[in-house]
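Please open the model in your viewer and keep the selection panel at hand. The stops below say what to select next and what is to be found there.

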Amino acid sequence: MTSHVMPAHSDSHSSADNYLTASKGFLSWAMTLDHKRIGLMYLIGTMTAMFIGGFLALLLRAEHLSGTPGFVSHDTYNQLFTLHGAIMVFLFIIPSIPGALGNFILPVMLGAKDVAFPRMNLCSFYLWVFGAIFFVGALLTTGLDTGWTFYTPYSTNTSQTNVVLATLGAFILGFSSIFTGLNFIVTIHTMRPPGMTWFRMPLFLWSLYATAIIQVLATPVLGITLLLLAAERMFGLGIFDPKLGGDPVLYQHFFWFYSHPAVYIMILPGMGIISELISTFSRKAIFGYRFIAFSSMAIALLGFLVWGHHMFASGQSEMVTIIFSALTFSVSIPSAIKVFNWLATMYKGSIVLATPMCYALSFLFLFTIGGLTGLFLGALATDIHLHDTYFVVAHFHYVMMGGTLVAFVGGLFYWWPKMTGKMYNEFWGQISALIVFVAFNLTFFPQFVMGSRGMPRRYYNYLPEFQVYHVLSTIGAFLLGFGLLLAAIVLITSLFKGRKAPANPWGAATLEWQCSSPPPLANFEKTPTVGNPYDMQSVVWDPDTESFVRRGEVPIVPDESEQPAHA
Amino acid sequence: METFRNLLDPFPSQQSTFAANVDAIYYFIFWLSTFFFVVIVAMMCYFVVKYRRVEGQEPEKSPSHNTPLEVTWSVIPGILVLGIFWWGFTGYVDMRSPPAETYDINVTAQMWSWQFKYGTGAVDAELHVPVGTPVRLIMQSKDVIHSLFVPAFRVKQDVVPGRYSGLWFEAKEVGTFDLFCTEYCGQKHSDMITKVVVHATDEENVTEEVPQTFDQWLEVASDPLEGGRIPLEDAGKKVVGMFGCLQCHSIDGSKKVGPSFKGHFGQQVETRDGSVLMDENYIRESILEPNAKIRQGYDPKMPSFKGAMKDEWIDAVIAYIKSIQ
Amino acid sequence: MATAVEPHDEHQTDHGHDDWHHKPFSAHHFDNAEQQFDSGKLGMWLFLVTEVLFFSGLFCAYAVYRANHPEVFIYASQFLDKYLGGMNTIVLIFSSLTMAWGVRCAQLGQNRGLIIMLGITLFCAALFLGVKTFEYTEKAHKRLLWAGAFASAEELGKTGSQVFKVGEPLPKAEFEDRVMSSLGTITKYWVFALAIPVIIGGIGFGVKSRPALTVAASFLISIVAIIIGIQVSIAIHHAQHSGDHSAAHAAHDGEEHDETEHGEHGLAVKEDAEHADDHAHDQKEAIDEAAAVAASKQETIAGEAMDPVLGDMTSAGPTVDDKSDHDAPRNANIFFSIYYFMTGLHAFHIICGMIAISWLMVRAVENHFRPDYFGPVDFVGLYWHIVDLIWIYLFPLLYLIGH
């Protein structure tokens with residue numbers, strides 16, 4: 001064992017010099033420029049937002065146990081679904097994977113010491129905090145009842161709630177997102193160490209890169225839209241107000257020009273995580289690496305061309321509607337390619353159902369449903385019937401929650417040992433995955449049925465014929481909340497009771513597993529050697545350290561293929 | 001078993017000429033998706049079992065890419081979705097191309113009621129249409145965006161303020177069906193639901209549920225006063241129903257979005273700028289210029305009915321309000 | 001947005017093993033100066049892309065409304081002064097030249113030249129704002145404002161009190177006098193503001209702080225340039241309107257005692273020169289008050305003069321008939337909504353640029369830049385060019401329609 005070549009499992013370093021213990025005190029966190037600490041702060045922030053948003057969702061579901069007024073009023077209900085949507089979208093799903101996992105993992109996976117602009121990274125986190133404060137401000141003063149889409153003229157003229165505060169919050173969060181994306185693009189372009197070519201980048205990085213492009217290109221348009229909205233409300237600009245000659249449908253175009261690509265900001269990083277998980281736990285190189293990488297880029301670019309499919313019933317011209325429908329179908333192909341490639345990766349693999357893999361398989365199941373139900377909504381004739389019903393609600397929850405959230409939790413379980421240096425309880429982790437999977441389907445599958453039967457979304461009261469589906473959905477929702485809580489408990493208890501994590505517990509070949517767990521402050525003591533990120537055969541289980549180690553550097557097991565005989 | 005089957009049946013009954021086509025596309029996509037979904041999940045489960053990890057045994061070598069395979073599974077779904085697009089597109093064009101001869105109805109949406117106006121001057125809060133006749137709705141909104149949705153007809157169209165939007169359908173059977181607002185429009189969005197009443201066009205086909213033919217209904221609706229043959233307050237009750245007043249005003253004294261019709265008549269009531277005697281003049285002014293004097297504790301949410309409600313109908317409403325004190 | 005450049009000052013202790021990490025402005029997580037510069041440059045370009053997209057939303061709104069209502073744009077743009085706009089365009093293009101020159105100086109290590117070029121750029125930027133001050137003030141007094149400025153909350157169906165109200169139109173007045181009086185007050189405030197550089201400079205002199213002195217100098221340059229900008233605009237304005245002005249005065253003399261009806265519509269411009277004498281005195285006070293408000297708010301002046309042509313063009317809405325009998329198209333104020341939003345946002349970017357240039361000046365005086373480290377100058381230069389470029393699009397799109 002030559003520990004100086006292998007920082008991976010070198011026990012010679014005391015735990016004192018990892019990033020968590022390198023410095024102490026509140027300010028060492030609040031003013032940190034270390035991407036790992038910022039990632040961890042993002043993780044805490046976004047998880048808090050998720051549990052608040054989830055709590056609001058449970059209140060909504062509880063209200064829907066009956067179709068008549070229950071324990072909340074009309075107004076409260078409208079505020080609950082608005083804030084549930086706004087918090088989940090702006091404060092949780094968009095920043096979650098790039099902000100938390102991406103910030104932590106991207107530089108390490110790339111073999112860099114940090115992101116390109118650490119101060120901007122910290123700034124991005126604080127912008128997130130400020131944006132969250134604005135939302136909380138809106139929540140505590142008047143609430144917000146416009147729906148997370150802020151459709152005009154309701155949001156500019158009619159709503160009595162603090163729309164301006166919330167739009168400014170979303171505006172600030174937009175800048176937070178732009179800064180993260182900008183940082184990632186620059187980091188990937190300029191900070192790659194020698195040997196890290198574009199096609200040696202792990203697919204998670206490709207997906208973050210594609211995501212970052214959308215963040216940089218789409219978010220500014222949301223920014224200007226929200227500024228216009230705020231000005232419209234405060235001064236009466238007239239651009240979106242029909243009474244002053246404006247056009248409310250123009251607002252929808254502006255809004256969805258961002259918010260449809262934003263859907264891919266949410267799902268692409270999740271797909272990247274799944275590529276890593278399936279490959280690692282099948283102990284097999286990812287199938288069709290280039291196709292997956294390019295499909296991420298294709299989704300990012302095509303995602304800009306399909307925003308109009310949110311407005312098939314809005315009264316935009318028929319020709320536009322038809323073109324958007326055709327383009328919408330084009331974006332389904334890259335997603336299908338990914339699913340097929342993941343399946344092919346599992347073929348002849350060596351599959352182990354560790355907790356992250358359980359989540360990855362749930363993702364595959366749920367995302368496939370989410371994607372296929374998109375076909376119903378892309379086809380014009382059926383969309384006219386299904387638009388703005390619970391079918392849509394179910395569809396995007398299958399994609400956003402069954403897709404992104406499940407991938408996020410899977411990725412969190414996967415990188416948790418790296419982030420905290422602790423192993424969690426595998427059994428309870430798997431149980432949480434099972435509960436989440438079952439409960440998720442129980443919650444959202446009935447919504448497909450009631451949506452098809454004509455139950456409109458955002459309805460406080462509903463007709464008695466829909467009650468049975470609502471009741472099923474509510475039961476599922478509470479179970480789902482319990483499953484996610486269990487996952488959180490499993491992770492949190494590991495901090496106190498978990499055994500120490502080895503450098504590479506899973507046998508992955510990407511760079512982040514080459515440094516110790518948790519990583520040292522500068523990530524790598526020595527510039528890491530970059531190879532094929534999916535060459536699983538290069539890492540083998542080492543019972544001494546209870547970790548996977550790189551085969552090429554272990555002198556006992558020389559690998560002839562990697563060492564020319566007489567170099 | 002029958003109830004269970006009903007629960008899973010994804011659609012309300014097919015009541016318009018488009019419905020069958022829409023459902024056919026739906027089922028086509030449904031079975032296609034089911035096929036792919038079952039294949040994907042079955043393969044996933046099979047791989048998990050078949051290739052589960054065995055300690056100490058490395059997986060056998062297998063290729064990590066195969067371009068012909070990739071192209072195959074890109075092109076086949078591509079062709080399939082192209083087919084779906086084409087079918088959806090033709091169905092949509094049908095829905096958006098009304099025939100030359102239609103029966104036109106003007107629709108006004110406002111928070112949170114619908115108003116359907118007929119050529120004869122009839123106004124109603126429910127949509128009455130003749131069966132087997134192409135009907136075109138010309139819709140406008142007085143305030144925010146609404147959306148008219150009739151699940152049984154498979155039609156939906158947003159109603160955007162500042163412009164007219166159109167919609168057409170042909171009802172196939174006599175009966176009453178749900179009509180929803182599906183664009184979030186504020187506090188009582190979920191109460192903005194009403195009925196579509198499909199009338200027979202001749203006496204033979206009337207049903208118990210819809211006992212009048214369309215012409216009979218139209219004649220009565222055009223003249224709620226029935227030429228003075230019924231008491232004024234009864235006519236007023238009809239007018240109140242026609243305009244959907246009870247969405248916002250109660251008749252039992254309880255507070256809704258607006259003040260109740262019951263109580264206060266003939267008394268001084270508090271307004272934002274003082275007080276006013278609630279008499280015939282005040283009611284009339286409130287109908288025509290609702291924002292002139294706002295009652296204390298209420299928001300100026302009521303739209304004006306100037307031009308929509310005829311003078312004698314207003315008299316009837318006043319008589320009705322007086323009668324329920 | 002200067003965060004694109006991230007020099008660390010506290011890194012030296014971490015890594016002592018190569019030259020790169022000993023340089024004063026190297027960030028420890030980069031391997032070499034080239035990587036740092038490339039990262040900063042790529043970051044800046046990406047930031048510029050977001051800026052372009054930010055404005056592109058507005059250009060889209062512009063395109064949509066211009067396509068839908070071409071008559072509004074042709075009609076309303078005549079109220080913009082193309083000479084002032086043209087002058088601003090020249091000023092900005094010139095500032096781009098000096099900025100580029102400054103970057104070249106930094107690359108060549110000519111520190112003195114860099115400081116001078118930055119100073120000129122800053123001067124031009126402030127000059128631009130001075131001209132803009134004149135334009136906004138003049139339009140506010142003519143009540144050429146955004147669409148909702150005259151509508152009451154209830155007209156718009158707004159149940160809250162969100163609309164920013166300008167107030168009821170008062171009797172018509174001599175615009176020229178009012179505008180000049182407001183501008184005089186604004187200028188006065190800027191003269192008072194000269195105290196800021198004096199104080200900062202005094203402190204800087206006292207504690208011998210070169211950065212403080214530089215900050216004082218950039219304040220001084222900016223304020224002087226704004227004042228010059230206002231005065232030059234006034235001169236250009238008078239040069240153009242000297243004919244109108246005498247005509248107006250003639251009308252004024254001739255019909256001194258005519259009192260026109262309050263808020264009357266559809267009047268030709270010259271009739272507005274009429275002024276009710278018995279109101280004159282009261283209004284003089286009102287003018288001064290208005291001027292004070294104008295000075296503090298700059299943009300949103302609660303002017304009292306009734307607009308000659310646009311006064312009632314806000315009677316919009318699908319249900320309201322346009323009763324006016326003049327040839328102003330409906331909803332013409334939409335043009336001014338777009339005008340104020342676009343130029344306002346652009347002016348905000350100018351202000352950000354001025355802060356960034358001042359920051360560069362402080363660092364240049366401290367002798368930070370050298371041929372192997374000039375990234376910040378380069379990046380701010382790029383930003384300045386994009387701000388310039390956006391104006392080059394704004395000018396013809398807003399000022400040169402229908403001429």
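Helices (H or I, at least four residues) and strands (E, at least two) are taken here as DSSP runs, numbered from the N terminus. The model is a predicted one, in which local features need pLDDT of at least 70 and side-chain atom pairs count only at pLDDT 80 or more, whereas totals for chains, interfaces and linings use all residues. Residues are numbered from 1 along each chain as its sequence is written, chains are lettered from A and ligands numbered from 1 in the order in which they are written, and side-chain values use heavy atoms, with hydrogens and water left out.

**Chain C**

Select chain C, whose secondary structure comes to ten helices and zero strands, so that, with helices and strands taken as DSSP runs, the pattern along its sequence reads α-α-α-α-α-α-α-α-α-α. Of its 403 residues, 53% are buried, that is, under 20% relative accessible area, with exposed meaning over 50% and partly exposed in between (1.4 Å probe, protein chains only). Taking contact as heavy atoms within 4.5 Å, residues 24 or more positions apart account for 75% of the contacts in chain C that have a separation of 6 or more. Chain C exposes about 17,200 Å², 63% of which is supplied by carbon and sulfur atoms; accessible areas come from the Shrake-Rupley method with a 1.4 Å probe, and for residues only the protein chains shown count as cover.

**Between chain B and chain A**

Now select chain B together with chain A, where the contact takes 84 residues from chain B and 90 residues from chain A. The area buried between them is about 7,500 Å², with 67% given by carbon and sulfur atoms; buried area is the accessible area (1.4 Å probe) that two parts lose on being put together, summed over both. On the chain B side, pick out B:Arg53, B:Tyr92 and B:Tyr184, which lose the most area to chain A and together make up 11% of what that side buries.

How many salt bridges does the count give between chain B and chain A? The count is one, and to see it, select the side chains of B:Arg163 and A:Asp247, which meet at 3.1 Å, N to O; the rule asks for a side-chain nitrogen of Lys or Arg within 4 Å of a carboxyl oxygen of Asp or Glu. Across this interface there are also 25 residue pairs in polar contact, both residues at pLDDT 80 or more, a polar contact being a pair of N or O atoms within 3.5 Å, where within protein one must be able to donate a hydrogen and the other to accept it, and residues adjacent in sequence count only if both atoms are side-chain atoms.

Colour next the elements of chain B that give two or more residues to the side touching chain A: helix H1 (2-8), helix H2 (19-50), helix H3 (67-96), strand E7 (155-159) and strand E9 (175-181). The largest share of that side, 17 residues, comes from H3(B).

**Backbone stops**

Most residues other than glycine have a negative phi, and most peptide bonds are trans. Centre on A:Pro153, in the loop between helix H4 (118-141) and helix H5 (154-158) of chain A, where the peptide bond from A:Thr152 is cis, with omega near -5 degrees. In chain B, go to B:Trp112, in the loop between strand E1 (103-110) and strand E2 (113-117); the bond from B:Met111 to B:Trp112 is cis, with omega near -5 degrees.

Finish at A:Asp388, in the loop between helix H13 (380-386) and helix H14 (390-420) of chain A, whose phi is near 60 degrees, a positive value in a residue other than glycine. A:Asp388 is buried, with a relative accessible area of 9%.
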